[in-house]
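Try each task before reading its solution.

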Amino acid sequence: MKHLLLFLLLILPCYAFAQDELTEAARTATRLYETRQYDSAIVLSRRVLRELPEHPAGNPDTLKEAVSNLCLALLRSGNDSRRPETLTAFFDSLRTSDHPFLARYMHPLLPAVSALNHSTANDGEEALRLADAFAGTPPAADLAQELFAADAMARVYNYWSRTPQAAIAMQERAVEALRRGGRTKDAPYVLSFLGYYYRRNGEYEKAAQLFIEAIERGRWTSGKAGHHEPAARPTQGTVYAYANLAALYSSFSLNDKALETTADALECSLAADSFLLSDLCRFRSLAFSELHRWDSAFFYNSKAEEVARRTGDRTRVYICRRTAIELQLSAAGEADGGPYTGLAPELLREAAALYADSTAARLVDKVPARFLYGQVLAASGSTGEGIRLMEQAVGELAQMDWQEQYAASSHVLLDWYVREGRLREMAALYPAAMAAADSLNREEKLNAAIGANVRYETGRKEQENRALTAEVALKGRTLTLAWVSTGALAFLLLAGGLYFRQRQRLLRRVSEARLAQITSLLDGVHTRDEQYAKLSQVLGEREQELKEASRRRDISELHAKLSKPLSGPSEVANFRQSFQSVCPDYLPALHSRCADLTRMDELIAMLLFLKLNNDEIALTLGISRSGVNKARSRMRKRLGLVETGVVLEEFLQGLV
């Protein structure tokens with residue numbers, strides 16, 4: 001055997017050996033990481049990447065995949081061994097290297113890996129700089145690298161940016177690469193993260209649709225003849241999609257659906273050996289807390305912390321500790337008939353320890369910890385210091401544009417202002433808090449979630465129908481085989497005599513009866529298919545009609561509000577808020593064409609969109625007609641319409 005291997009190495013071209021050696025090194029590094037031999041994985045990956053030839057011979061795609069796997073094994077080993085800062089300089093050297101192969105084939109993967117490493121090493125400034133640089137580049141031709149890089153940069157934005165819009169835009173770029181054919185081992189994970197960003201930003205219907213799409217991708221695979229078959233094993237992304245869908249249900253107080261979905265998620269998590277088991281237990285704890293079943297809530301949160309400690313996941317241990325304090329606050333308020341009375345001293349110590357640990361945490365974890373510590377301090381008697389911390393956290397949430405968390409935290413802070421008689425502070429915070437609460441529009445979000453759930457149930461029925469069709473097809477093949485067997489048996493029976501001939505006729509009649517039954521089943525299935533198709537078409541038409549009617553009604557209400565001039569800041573603010581609730585994409589689309597428009601330009605653009613003429617605009621805004629004309633001319637120049645000759649009204653109407 002040894003002589004045979006030596007002979008093969010001698011006769012194979014050198015490029016095959018170089019390519020295979022690199023591929024085997026990548027497999028070994030990945031295996032070392034998976035078995036938690038992090039130091040060995042780091043040493044091997046660094047050595048191979050450092051000694052990579054400038055022009056390695058072999059298939060470029062195979063070589064790119066091997067180098068990518070080496071980089072990922074190195075990155076993950078550094079992260080899981082809690083020493084990412086030791087690899088920062090090495091990843092930066094790869095990213096900025098003039099190595100011919102790396103410079104030609106490994107962008108944008110190397111900047112993405114470097115950004116992730118900086119992020120894990122708590123160097124958010126450099127991670128954001130790399131993410132911003134990537135955001136300014138066109139999509140890469142290599143869809144797999146484009147997908148990975150966009151997904152990685154979205155996580156950097158999620159950890160360090162103060163606005164969710166950057167993470168959303170970057171994850172949308174990743175999903176676009178996925179839909180164009182980008183390869184990844186876990187497509188549901190990419191979809192689920194975009195859904196999570198949408199959920200965090202209050203775009204619940206989009207989030208629900210993505211979670212359902214991720215679940216469908218993870219639980220079903222394409223079989224022969226277009227049939228869908230159950231996946232052999234759920235992916236981590238499928239578990240994450242179930243968990244986020246459960247959290248979405250819980251946020252709308254659909255606690256029965258949340259518990260049902262977390263049960264499905266736990267089943268998938270166990271089947272996939274998922275690291276998300278801790279999150280699922282915590283989500284189930286939160287669902288029980290909404291039902292005021294505190295024993296179950298405490299039990300599942302303790303299970304979540306136990307799983308996180310067993311796997312060495314410090315981030316999830318931190319989140320479970322914070323959830324435990326929140327549960328104790330809620331339970332104490334309900335048990336004692338008043339908010340936060342009778343708190344144990346241990347709760348204050350635990351909250352102080354959690355706040356101290358948050359100094360090295362990500363921004364999305366640090367701010368809630370500060371607010372929670374302020375709550376506990378205020379409830380324990382240190383009201384002034386507690387309210388100061390809560391005010392600081394609410395201010396940071398406003399800057400982060402985290403609407404749902406901001407609305408909930410503002411409500412708690414307002415309660416404390418009322419209790420302490422701080423009427424001036426309450427008056428200052430109240431308008432912004434109410435605006436945030438109104439913007440969430442909880443009832444519409446609930447309807448969107450219910451509609452998404454209906455679509456999910458309809459999709460599940462369609463899956464069942466496809467499964468039934470596959471079963472009927474299988475029975476048809478079985479029947480064909482039965483006919484062949486019957487023919488062979490008939491030949492033997494003819495040679496045996498009249499008895500066997502009679503027996504054969506009896507079998508034929510039975511088979512014909514079964515065939516008639518199966519044919520009838522097929523007709524029924526086709527009929528149900530047609531009924532489902534018609535029903536789906538009617539539902540789609542009704543949904544479109546409802547949307548159009550709602551839009552016309554909202555625009556009519558806006559016209560009604562314009563019956564009086566916008567004479568003061570409050571009237572202008574109310575009009576802006578009403579307009580943005582009807583056309584939320586209008587102003588962002590306008591600013592994407594021209595970022596330096598003034599607020600007066602925005603008002604005139606909104607009134608033109610509502611088809612008001614110059615005289616009506618002048619009357620509404622309390623300015624002269626010549627002022628309106630000047631503003632129109634200024635907008636045409638800023639939007640670049642003077643050279644093109646496009647009419648301003650037509651341009652503005654076409655933005656959305």
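**Exercise 1: a helix and its end**

Helix 21 (residues 403–420) holds 18 residues and spans 25 Å from its first C-alpha to its last, close to the 26 Å expected at 1.5 Å a residue. This model is predicted. Find which residues of helix 21 are buried, then inspect glycine 421 just after the helix.

Solution. 
1. Buried means under 20% relative accessible area.
2. In helix 21 the buried residues are Tyr406, Ala407, Ser409, Ser410, Val412, Leu413, Leu414, Trp416 and Tyr417.
3. An α-helix has 3.6 residues a turn, so residues three or four places apart point the same way.
4. Just past helix 21, glycine 421 adopts a positive phi of about 70°.

**Exercise 2: the cores**

Identify the residues with the most contacts inside the largest nonpolar core. Then trace the contacts of leucine 102.

Solution. 
1. The largest nonpolar core counts 76 residues, and Leu22, Leu49, Val67, Leu102 and Val113 have the most contacts inside it.
2. Helix 9 (residues 143–160) gives this core its largest share, 10 residues.
3. Setting aside neighbours within four places in sequence, leucine 102 touches Leu52, Val67, Leu94, His107 and Leu110.
4. Another core lies apart from that one; its 35 residues include Phe609, Leu621, Leu648 and Leu652.

**Exercise 3: an annotated segment**

Compare the record with the model for residues 481–500.

Solution. 
1. An unreviewed UniProt entry annotates residues 481–500 as "transmembrane region".
2. In the model, residues 481–500 are 95% helix and 0% strand.
3. The end C-alpha atoms of this stretch are 20 Å apart.

Conventions:
Residues numbered from 1 in each chain as written. Predicted model: local features only at pLDDT ≥ 70, side-chain atom pairs only at ≥ 80, totals over all residues. Heavy atoms only, no water. UniProt positions renumbered as here; feature names shortened; annotations may be inferred. Helix = DSSP H or I, 4+ residues; strand = E, 2+ residues; numbered from the N terminus. Core = buried A, V, L, I, M, F, W, Y, C linked by side-chain atoms within 4.5 Å. Buried < 20%, exposed > 50% of the residue type's maximum accessible area, 1.4 Å probe, protein only. Contact = heavy atoms within 4.5 Å. Expected span 1.5 Å × (residues − 1).
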